[in-house]
Amino acid sequence: MMRSPTFWHYFGSAATYYPQLASAIGGVVASVLYLELCRRQSQEPNGMVVVTTETLRTATGLTPREQEYARLQLTQRELLVARPLQGSGDLWEYAPNFEALEGVLGNVPSSVESPLRAATSATTATSDPHFPARGRQRTVSVTPDYRFSGPWESQEQLEAFQRALLDYAVQQGISRPSGWTFAVVDGMTKGLISPFWDEFVAGEPLGASQQIAREWEVESGVPYPAFEEERVRYFTAKGEPLESALARARSELRDPVRGRDLWDGFLRKCDRLADEALSARSRGVSTPYLPPSFTDRAPVTKASVMAKLAAANGASALEPTEPAGSPPAAIAPSNAAAHSAHVPDLETLRATYRQPMGKTMVARQIAAHPEWGYHIVEGTIVERRHSPGSDPPS
């Protein structure tokens, strides 16, 4: 069995390095190469070391790539002058700079982390691929038992305010009510003024103080009917459906900048039409023409639409529902009189037929009730010139 001293003898001389020096001059490989060059420099009379890459590999065990990396670290710190000799292959000339080394290591207490050592250590940690440094643990300070602090007097009042904000966010259609509520409360803890809190303390509905009726609105969010109708007619004239035209018009009038520009143009148009109407009156016209947008019209409501639809399809006004157990139509002579008494007016049917929603419905009603005496010819409702079931006159 071979003893330890005899075993290590077969490897020749050992190449050592100083760990403290390695952390300051660029890593382990830089320290090993630097110490070997310093040892050889002490044996040279002119202080220059001329040596091949293979010789350094035999002496230190550093591969050519590791020697190149060590030269880069040392020359960047001005600790070594290295240049290849031309025409000599891998022969290099080295000159260690001890003055620069003293500037790196001198006058720095070992117990104090100097900026130079910190920068060197950081460079080594990120640039030495053979001995990567361990990552430092980052600590984050956390405030224990975090609570909102604001103008509220108790936790109960804060919770009531949060519930009111949540209800308001749901009513307004905000996509993330809880996140929006947190943003409002968190902003108040940082000193921001919130009108919602003033409304909540005063007992007013949230958002009431922020609803401002602009010049073109009857009340906040409700434009003048004539102004809205003017924009709707503008989009329908461009070929858009009525529903899309109404949505686009209301979207425009909710924009304060766009609404102001359109309102100014609308007023100018009103002023011009008023001048033309006054001029027509001065020429003897008793009722000068004004566009439909400037005339009063009843608002379109759910009740008015239902009443028109009921009158158009005759479900309630033209065909009263018979109670259960009533005699059939064959033995109820009063039904025919009831139907004839509720025949819709021709002009009413024509007006409904011109509407996109009423065209199909009116056509079905006319086909189902020939006793009304109406039929459709080339898209127009006309009266029959003969009684149903008889041949047309020649």
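Let's start in helix 13 (residues 256-282): Arg260 and Asp264 sit four residues apart there, so about one helical turn separates them. Those two residues form a salt bridge, with their closest N and O atoms 3.6 Å apart. Keep in mind that this is a predicted model.

**Salt bridges along the helices**

- Back to the opening pair: Arg260 is partly exposed at 32% relative accessibility, and Asp264 is partly exposed with a relative accessible area of 32%.
- Helix 13 also has Arg272 and Glu276, four residues apart and so separated by about one helical turn.
- Arg272 and Glu276 make a salt bridge too, and their closest N and O atoms are 3.4 Å apart.
- The side chains of Arg233 and Glu229 meet in a salt bridge of 3.3 Å, N to O.
- Here the partners sit on either side of a cut-off: Glu229 has 17% relative accessibility and so counts as buried, while Arg233, at 37%, is partly exposed.
- Elsewhere, a network of salt bridges links Glu36, Arg39 and Arg40.

**The nonpolar cores**

- The largest nonpolar core has 25 residues, and the ones touching the most other members are Ile25, Tyr34, Leu37, Leu74, Leu79 and Tyr94.
- Several elements give two or more residues to this core, among them helix 2 (19-25), helix 5 (64-76), strand 1 (49-52) and strand 3 (91-96).
- Helix 3 supplies the largest share of this core, with eight residues.
- Leaving aside residues up to four places away in sequence, Tyr34 touches Ile25, Leu74, Leu79, Pro96, Asn97, Phe98 and Leu101.
- There's also a second, separate core of eleven residues, which includes Leu165, Tyr168, Val184 and Trp197.

**A look at helix 9**

- Helix 9 covers residues 177-189, and its 13 residues reach 19 Å from first C-alpha to last, close to the expected 18 Å.
- Its buried residues are Thr181, Val184, Val185, Asp186, Gly187 and Met188.
- Helix 8 (155-172) and helix 10 (195-202) are among what covers the buried residues of helix 9.
- Just past the end of helix 9, Gly191 takes a positive phi of about 100°.

Technical notes:
Residues are numbered from 1 along each chain as its sequence is written. This is a predicted model: local features need pLDDT of at least 70, side-chain atom pairs count only at pLDDT 80 or more; totals for chains, interfaces and linings use all residues. Side-chain values use heavy atoms; hydrogens and water are left out. The expected span of a helix is 1.5 Å times one less than its number of residues. Buried means under 20% relative accessible area, exposed over 50%, partly exposed in between (1.4 Å probe, protein chains only). Contact means heavy atoms within 4.5 Å. A nonpolar core is a set of buried Ala, Val, Leu, Ile, Met, Phe, Trp, Tyr and Cys residues joined through side-chain atoms within 4.5 Å. A salt bridge is a side-chain nitrogen of Lys or Arg within 4 Å of a carboxyl oxygen of Asp or Glu.
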